[in-house]
Amino acid sequence: MRVPDAALDELREQGFTLVEGFLAPDELKAAQQALWLHFPKPEDYFAEPTKYPEYSTSQFAGVEEFPYRSWDLNHLAFHPDLVDAAERFLVTSELHLYKVELWAKYADAANYEQPLHRDFGSHSLVVPRVDHRYQQLTTFIYLSDVEDDNGPTRIVPYERGQDVPFTPLYLEFGALADVEFSATGPAGSLLAYRTDILHRGSNLVGAAQSRFSLLADYQARGTTWGGKMAWPKQAPERWAKLMPQCTVRERDLFGFPRPGDAYWNEQTLADVAARYPGIDMTPYR
Ligand SMILES: O=C(O)CCC(=O)C(=O)O
């Protein structure tokens, strides 16, 4: 669904917004099915948690980096309504999709509690500008219901946290707990917040609770001091499958050379075509 203007106003004013029903029911269902190509189903996990010790090594052990084994997950990162919202919020169509993660959390596998922090600490080499230029947009697409028991992100509205200095990056546990908003919402919701907003992960407290979400973050193209991952380092065989499926615009979001870029010549056209069997190179000729 198109992110309403009112939601983007909230993002500008309070620093975050939660849009229920962002994914259409069929998109949500397909993405949920594809999760099991990467993670154990909750009923399997909780039947025998000791079979999956890898999820207990850290609270981030359930993070898988992009790309994934299914288009049904991959395309969520550049869902047209997400790209549209990022363009409207960042006030540019020159976008850079700079981080995508798929995150599974299982109750008791790890303690998912975090201290309040702002994401610029791991998404930028510098600090946010208080005039709100040079923004970064962080998003979570909920692939399972997120309720109080299964670890909603807790967020401090901008005006309650704006006087807290940018450094140190982490606040003491318990700080500002009385003004936190719990970002609960049904599967298919979109949570978006800015990287100058104090927030934290919270623990899954109910028995056999789990949480699954896809995180996709945007900034203006050319923000060389911002980012979180280097796309070329990710699973080459998955890119080989994904690249031919993408449109020119979708590739552009990852920083792929554009049609007309001086990079393209007869040699690169031929060798990129060989690297990504099935890709249509016509637009790049
Ligand atoms: O998982 C969440 O709810 C928030 C995670 C987070 O803020 C982080 O890892 O930086």
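**View 1. Residue classes in the shell around the ligand.** In this predicted model, the shell around the ligand is made up, by class, of three nonpolar, five polar and three charged residues. The residues that surround the ligand are Phe 60, Trp 103, Lys 105, Gln 114, His 117, Asp 119, Phe 140, Thr 153, His 199, Gly 201 and Arg 211.

**View 2. Polar side chains at the oxygen atoms of the ligand.** The side chain of Thr 153 places an N or O atom 2.6 Å from an oxygen atom of the ligand, and a polar side-chain atom of Arg 211 is found 2.8 Å from a ligand oxygen atom. For Gln 114, the distance between a side-chain N or O atom and an oxygen atom of the ligand is 3.0 Å.

**View 3. The nonpolar cores.** The largest nonpolar core comprises 64 residues, and those with the most contacts inside it are Phe 66, Phe 78, Leu 97, Leu 143, Leu 214 and Tyr 218. In soluble globular proteins, nonpolar side chains tend to be buried together.

Note on methods: Residues numbered from 1 in each chain as written. Predicted model: local features only at pLDDT ≥ 70, side-chain atom pairs only at ≥ 80, totals over all residues. Heavy atoms only, no water. Near = heavy atom within 4 Å. Polar contact = N/O pair within 3.5 Å; in protein donor to acceptor, adjacent residues only side chain to side chain. Nonpolar A, V, L, I, M, F, W, Y, C, P; charged D, E, K, R; others polar. Core = buried A, V, L, I, M, F, W, Y, C linked by side-chain atoms within 4.5 Å. Buried < 20%, exposed > 50% of the residue type's maximum accessible area, 1.4 Å probe, protein only.
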